[in-house]
Amino acid sequence: MKGPEKTITCDFKPRTLKTEGGFETGNTKHQWDYARIRAAHKVLAEYKYERRGVVRGYAGRTLHVDLTTNEIKEKPVTDDMKALFTGGKGFDLKLLYDAVKPGTRWNSEENELVLAAGPLCGVTQYSGTGKCLAATISPLTNIVCDSNAGGYFAPYMKFSGFDAIEIQGKARQDVAVIIDGAEGVVRIETAPLEEVNSHLIAEQLTHMYAADDTDAARQKVAVVSAGTGSEHSYWGCLNISFYDPRRKVARLKQHGRGGLGTVFRDKKVKALVVRIDKMDGLSNDPADPDKIVAAGLRHHTEMRDLDPHQCCMREVGTGNIVEVMDAYDLLPVENYRFGSSPRAANLHSQHFYKRFTQVIPDGCWFGCTMACAKVVDGFTVLTGPYKGMRFSVDGPEYENSGGCANMGLFDPDWVIEWNFYCDCYGIDTISFATGMAFYMEMYEYGILNKERCGGLELVWGNGEAILEFMHRIARGDKHEFIVNAAKGIRKAKDWLKAKGWGDPWLVENCGMENKGLEFSEYMCKESLAQQGGYGLTNKGPQHDEAWLIFMDMVNKQIPTFADKAEALHYFPVWRTWFGLVGLCKLPWNDVTPLSNAKAAEPAKVPEHVQNYADLMTGTLGREVTPKELVAQSERVYNFQRAMNVWMGRGTRRDDWIPYRAKGPVTEIEYLSRKDRYDKQLVEKGLATKEAVAKMTVAEKRDLLAGYRDDQYEKLSDAVYYRRGWTPNGIPTPQKMRALGFGGYKELLDMLQRKIGEDERAGLNKWGGQYGKDAKYGKDESPPTAEPRYWEKW
Amino acid sequence: MKTVKVIVFHPELCEGDLACERACSRVQYFKSDEGGEKSALRIAKGKDGKFTCTVCNHCGLCVDLCPVLALKRLKSGVVALNRGACVGCQACVAFCPTGVMRKAPGHIVPFKCISCGKCVEACPKKALELVEMNIDDLEREVYARHGRVCP
């Protein structure tokens with residue numbers, strides 16, 4: 001949801017695109033002895049399978065690779081599985097549920113890393129149709145974390161014959177898993193000589209597994225890799241390659257969130273490679289290609305005609321919103337203390353536009369004309385092991401620039417440097433930035449200092465220290481700070497408290513994590529709905545579930561708890577639907593059609609929702625309505641919540657967010673927006689104007705905190721009720737049955753048991769049990785008078 | 001100076017016979033006699049009774065838009081599509097500044113004029129002509145007109 005119409009003026013100069021015959025990136029050329037690297041591979045297991053095409057969006061089977069036993073097998077995708085879970089993240093969850101136990105942790109033998117396509121993954125006629133959905137039990141949250149990425153892996157995996165791959169067990173030595181769709185063979189091979197870091201290994205394996213020495217052959221290979229940062233932190237990400245034949249570079253997109261790269265390297269997987277021999281515009285076997293083309297052409301035309309006047313995604317990618325966030329006091333600055341900064345002007349998109357080498361098409365999958373994957377070519381690395389070398393760096397995207405603002409880093413070249421190493425080492429930019437911002441704030445207060453940080457001077461904006469911290473993680477530095485800080489904010493908070501450093505309340509409420517996952521880069525203090533969008537989530541505070549800031553705060557479209565709850569029902573369900581089918585969310589609302597001006601609910605972008613229904617109809621060969629799309633997603637959304645409960649989370653307690661997400665924790669924050677907060681104290685009837693004038697800053701802050709905590713609990717009540725959950729946030733068996741999970745008896749029994757335990761513990765009541773109990777005033781009421789309302793269903 | 005032969009239309013000679021379209025659809029990969037939606041060149045009659053023709057001028061913008069390098073400018077200067085490499089994404093169709101990269105119903109791979117001259121031969125009124133044009137001029141015009149980054 002973009003907010004008000006155009007808030008930035010694009011002042012971009014025309015530039016010529018001529019790319020015929022390739023493009024000189026100026027990158028460092030690497031010379032590797034591929035024959036020697038390949039010769040060092042030893043085949044540990046080989047599985048030959050029957051090659052057959054995709055049928056109406058599904059390959060019809062999944063692949064299971066056990067690295068402990070070196071067993072490879074395939075499993076059928078049944079009609080039931082398709083009906084209940086649709087694909088993508090739905091398949092990830094189903095396969096994980098079958099494979100893990102409630103006590104499974106990220107490094108347990110039975111934990112799996114699952115990567116899945118979806119029925120629309122691999123379509124080429126619509127923007128954003130190549131997403132891979134990966135999930136695992138996360139080292140950060142101890143529950144399932146899912147993350148999506150572009151690149152060629154998921155479509156190629158499906159065209160090779162598999163809707164998903166499960167990687168279970170642990171190898172004894174570094175291995176590569178090769179899916180050779182050209183030959184119909186899957187192999188586990190030792191991979192002792194390849195590099196670990198993504199920029200290098202992606203290039204090596206792309207060359208090694210291409211059928212011949214041509215760009216066309218290299219473009220038919222996709223590599224999944226992580227890096228040395230993944231090995232030594234809980235912030236590991238996965239990089240998915242997509243070979244760019246113009247730049248002649250294996251570019252990378254990231255499964256950023258939740259430590260998937262950490263699990264990948266814990267299993268000693270160096271790379272996952274897929275190779276196809278052919279594909280075309282009908283490889284996904286659509287029932288009605290022309291229906292899909294019609295929708296695709298409508299969207300492409302919007303990109304051509306409207307994007308230059310809306311978001312400029314084709315020119316600067318998601319970074320276009322840095323200036324918008326800055327203007328609306330939503331850009332996280334210095335660990336979310338402030339929402340804007342005069343220095344943030346240095347990160348506005350035009351500064352990156354100057355550095356981007358525009359060689360359209362820049363989409364991370366074929367046919368994406370939104371093409372937001374921007375590149376700085378020939379970037380000379382400033383620090384670390386690759387200092388002086390030149391690379392193509394993808395990004396920065398908004399989250400990267402926003403993350404740098406959060407660390408007080410306002411120099412575009414350092415943003416690119418940091419972005420490069422995050423990807424290269426396989427580290428999630430969002431978790432790293434939010435984590436570092438927290439450590440920097442603790443450093444400012446003296447809770448951390450140079451000695452406690454192993455010599456690092458973590459003052460705001462110190463690019464060299466930020467990079468040195470990352471290099472030390474990647475080197476496996478054993479200093480106490482590096483080890484604990486690299487495990488994420490949640491564990492670092494516990495470490496600080498165990499050390500007795502700092503006021504525990506301050507530590508707990510400054511570190512921006514929920515469920516163990518670091519917040520993404522939006523300020524949500526002034527938007528209650530977005531606080532829910534971050535906290536009342538399945539995997540943790542990531543904006544892919546809900547981004548309601550403009551609807552709530554700027555456009556004021558959802559004033560009541562019931563309105564907010566409706567938005568927090570619909571949008572998380574809708575936004576996670578993209579993950580079920582293998583799509584990117586951005587083309588949905590980062591360009592809006594002309595019809596949106598007259599739409600009844602413009603935030604939903606109804607014309608585009610209909611496009612997606614058309615894509616499903618055109619692919620599956622049966623009529624699919626927008627309503628059915630939402631129903632598909634609601635099923636999977638609730639299944640994920642039920643899995644969280646099964647694994648001991650997924651309750652109101654887990655949805656609690658630190659106070660920094662809700663309001664000013666420190667006096668300096670209060671004072672920086674004093675007029676706003678003072679006014680609210682009076683408007684909400686918390687104190688008279690005269691009383692406010694006499695109060696100390698700390699008193700006013702505490703009064704406001706009491707109010708905002710109370711609001712969050714009431715919001716939770718309204719949202720749980722709308723979602724059909726108990727007051728403690730448990731999806732009820734009745735709800736799960738209505739969604740079609742009647743056959744999951746053990747799961748339903750578990751939910752019933754949990755609800756019974758909550759009953760005995762007095763948790764099945766509205767009004768909040770984790771923070772201070774919310775008190776409903778005389779003009780307010782809980783969502784229903786009957787706390788156990790679901791029993792009447 | 002690099003040149004390319006481009007179809008030039010003389011509306012005053014055209015009588016709307018559409019032999020050109022039928023000739024074109026015969027040389028396209030789906031080998032049809034239908035013309036119309038299966039012709040790379042299209043003749044239309046305006047409200048004023050005058051005919052117009054839309055056909056590729058080989059400006060080459062589509063070459064930049066293809067994600068798999070399936071579109072190339074040949075030595076002759078003609079911009080041509082390698083059907084075997086095409087992944088059917090339709091980006092070239094949507095972004096063509098003159099709307100002459102076509103998609104025929106039932107066929108996922110687009111098609112375009114390759115200045116073969118069959119339409120010129122087919123026209124009984126000699127309303128079509130192949131004329132050598134300077135490629136730099138064509139490119140300069142289209143890139144200026146569709147400035148910024150994306151066309």
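Colleague: Which residue is the bridge partner of A:V221 in β13(A)?

Modeller: That's A:R275. Bear in mind this is a predicted model, where local features need pLDDT of at least 70, side-chain atom pairs count only at pLDDT 80 or more, and totals for chains, interfaces and linings use all residues. Residues are numbered from 1 along each chain as its sequence is written, while chains are lettered from A and ligands numbered from 1 in the order in which they are written.

Colleague: What makes β10 and β13 of chain A a pair?

Modeller: Two strands pair if DSSP finds at least two bridges between them, and strands themselves are DSSP runs of E, at least two residues, numbered from the N terminus, as are helices (H or I, at least four). Five bridges join β10 (residues 221-225) to β13 (residues 269-275) in chain A, so they pair. They run antiparallel.

Colleague: Which sheet are they in?

Modeller: An open one of seven strands in chain A, in the order β1-β9-β8-β13-β10-β11-β12, with mixed pairing.

Colleague: Why are β1 and β12 of chain A said to stand at the edges?

Modeller: Each has a single partner strand, so one side of each is left without a neighbour in the sheet. From one strand to the next, the twist averages 20°.

Colleague: What packs on this sheet?

Modeller: Helix α5 (residues 198-209) of chain A does, touching β8, β10, β11, β12 and β13 of chain A. Its direction makes about 145° with that of β10(A). Such angles run from 0 to 180 degrees between N-to-C directions, with axes fitted to C-alpha atoms, for helices over the stretch in contact. Contact is when C-beta atoms, placed from the backbone, lie within 7 Å.

Colleague: Why is A:H232 called buried?

Modeller: A residue is buried if 20 or more other C-beta atoms lie within 10 Å of its own (exposed if 12 or fewer, partly exposed in between). A:H232 has 24, so it counts as buried. You'll find A:H232 in the loop between α7 (228-231) and β11 of chain A. Leaving aside neighbours within four places in sequence, A:H232 is in contact with A:I473, A:A474, A:G476 and A:A486.

Colleague: How many residues has the largest nonpolar core?

Modeller: It has 277. A nonpolar core is a set of buried Ala, Val, Leu, Ile, Met, Phe, Trp, Tyr and Cys residues joined through C-beta atoms within 7 Å. Among those with the most contacts inside it are A:V223, A:V273 and B:C62. Helix α22 (residues 561-581) of chain A gives the largest share, 11 residues.

Note on methods:
Two residues are in contact if their C-beta atoms, placed from the backbone, lie within 7 Å.
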